Amino acid sequence: MDVYVSVDMEGVAGVVSREQVMPGESHAYRRACALMTQEASAVVAGAAAAGATRVVVNDSHAQMTNLDPELLDPRAECSMGFPKPYYMMAGVGRNFAAALFVGYHGGAGSAPAILDHTYASRVFRAVRLNGVRQTETTLNAALAGHHGVPVAMVSGDEATCAEARAALGPDLVTVATKAAFGNQAAYSLHPTVARQRLEQAARDGLGRVAAGQLRPWVVPPPYLLECDVTTTHTADYASTIPGVERPAGRTLRFEHDDYPTVFRALLAIALLGGLAG
Ligand SMILES: [Zn+2]
């Protein structure tokens with residue numbers, strides 16, 4: 001059984017501030033990388049206990065070189081670096097029995113939620129698919145679902161877990177690592193307790209997949225992607241992408257029947273829009 005693990009940083013226990021998640025030389029960031037890696041390892045251990053024979057851990061934060069490969073459970077393979085196709089979901093495909101999302105965060109505009117954003121905080125104020133507000137959890141779950149891969153578990157702060165269950169269904173296994181007071185303040189579990197819960201949740205989630213309780217989350221076509229961006233300058237940059245329309249000054253839209261193509265359009269808007277000053 002192959003298991004896919006996508007690991008972000010904002011939802012990791014003990015991580016609350018922008019300084020902690022900003023790549024660089026700071027002690028705070030380096031500590032956060034270790035916390036992130038150890039949460040990933042806990043999930044790898046849970047997946048192995050549930051019968052996984054191959055676990056791929058995809059570094060899904062910022063420049064995607066945050067995981068400490070040596071600290072990671074050696075039963076895992078690691079995918080790192082940037083850019084890579086499909087970004088937080090690089091390499092996902094039909095061979096995987098399930099996907100697990102670790103260290104995730106609330107969507108842009110969630111509150112109270114630690115470091116809420118959707119893909120690019122400087123680019124997106126809101127992302128909608130067929131009129132429904134999206135988060136990284138739902139956008140990524142839909143790509144997994146396109147490949148027939150169910151999401152077995154989501155971890156992050158309470159807002160992240162609530163959004164994930166509301167979208168993907170109440171049977172989804174979630175681990176709330178923190179209760180946010182605001183954008184950069186939270187009550188956090190001790191990292192050791194968080195890891196124990198993550199290991200158990202990975203086992204439980206994969207068990208529910210095996211029992212047929214958790215099914216791939218499939219969003220049927222056609223797809224209308226709408227992005228409210230932060231500035232008109234951002235929209236100027238991103239609207240140069242072929243096929244991207246601009247129905248309003250700070251709104252972009254993209255229509256297609258193929259979800260991976262929609263996902264790539266979103267990433268292109270994020271990357272190109274991010275170049276606007
Ligand atoms: Zn992140």
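Here are a few questions and answers on how some labels for this predicted model come about. Residues are numbered from 1 along each chain as its sequence is written. Because the model is predicted, local features need pLDDT of at least 70 and side-chain atom pairs count only at pLDDT 80 or more, while totals for chains, interfaces and linings use all residues.

Q: Why is Leu266 called buried?
A: A residue is buried if 20 or more other C-beta atoms, placed from the backbone, lie within 10 Å of its own, exposed if 12 or fewer, and partly exposed in between. Leu266 has 23 such atoms within 10 Å, so Leu266 is buried.

Q: What makes helix 3 and helix 4 oblique to each other?
A: The axes of helix 3 (residues 136-146) and helix 4 (residues 158-168) cross at roughly 40 degrees and come within 9 Å. Angles under 35 degrees count as roughly parallel, 65 to 115 as roughly perpendicular, over 145 as roughly antiparallel, and the rest as oblique. The pair is therefore oblique.

Q: Which residues make that contact between helix 3 and helix 4?
A: Thr137, Thr138 and Ala141 of helix 3 meet Thr160, Glu163, Ala164, Ala167 and Leu168 of helix 4. These divide into 4 nonpolar, 3 polar and 1 charged, where Ala, Val, Leu, Ile, Met, Phe, Trp, Tyr, Cys and Pro count as nonpolar, Asp, Glu, Lys and Arg as charged, and the others, Gly among them, as polar.

Conventions. Axes are lines fitted to C-alpha atoms, for helices over the stretch in contact, and angles run from 0 to 180 degrees between N-to-C directions. Helices (H or I, at least four residues) and strands (E, at least two) are DSSP runs, numbered from the N terminus. Two residues are in contact if their C-beta atoms, placed from the backbone, lie within 7 Å.
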